[in-house]
Amino acid sequence: MKMLQGNVLVTEVEKETTTSGGIILTDTGAIDKATQPGLVLAISPEVEEIGTLEIGDQVHLKWPEAQPINVDGEKAAIIHYSHIKAIL
C-alpha cells in the first residue's frame, strides 16, 4: 500500500501482559488504547523526504486521530505524520 500526502500506515504493537517480575497486567480499555504504541508499515514520499521516520519504527501517536482500515486481513490505521508524537 502506498501512502500519500504526509500519511503513515501503522498497526498496533502488542503490549506485554506480564512484567519481568511475573506481575500480570490487566486491560484498562480506552486508556490502554490511547497509550498503545504503533508499528510503521508504510510512509508517504513526503514523510520519507523529512527523513526522521522509517518503516519498522515503533511510535507513540494519537490513536483517536487515526482512520482504521483492514490490510490483508489485519487491522491497521492511516494517520497523518503530524499526529505521531514520538519515535521509540
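Author: Buried means under 20% relative accessible area, exposed means over 50%, and partly exposed lies in between (1.4 Å probe, protein chains only). This model is predicted, with local features needing pLDDT of at least 70 and side-chain atom pairs pLDDT 80 or more, while totals for chains, interfaces and linings use all residues. Residues are numbered from 1 along each chain as its sequence is written, and side-chain values use heavy atoms, leaving out hydrogens and water.

Reader: Why is Gln36 called buried?

Author: Gln36 has a relative accessible area of 7%. The limit is under 20%, so Gln36 counts as buried. In the protein chain, 31% of the 88 residues are buried.

Reader: Where is Gln36 placed?

Author: Gln36 sits in the loop between α1 (30-34) and β2 (38-43). Helices (H or I, at least four residues) and strands (E, at least two) are DSSP runs, numbered from the N terminus. The protein chain has two helices and six strands, in the pattern β-α-β-α-β-β-β-β.

Reader: What does the side chain of Gln36 reach?

Author: The side chain of Gln36 reaches the backbone oxygen of Val13 at 2.2 Å.

Reader: How do you know that β1 and β5 pair?

Author: Strands pair if DSSP finds at least two bridges between them. Strand β1 (residues 7-12) and strand β5 (residues 74-80) have four bridges, so they count as paired, in the antiparallel sense. Within this pairing, Val10 has Ala77 in β5 as its bridge partner.

Reader: What makes β4 and β6 edge strands?

Author: The open sheet of six strands runs β4-β5-β1-β2-β3-β6, with antiparallel pairing. Strands β4 (67-71) and β6 (84-87) each pair on one side only.

Technical notes: Polar contact = N/O pair within 3.5 Å; in protein donor to acceptor, adjacent residues only side chain to side chain.
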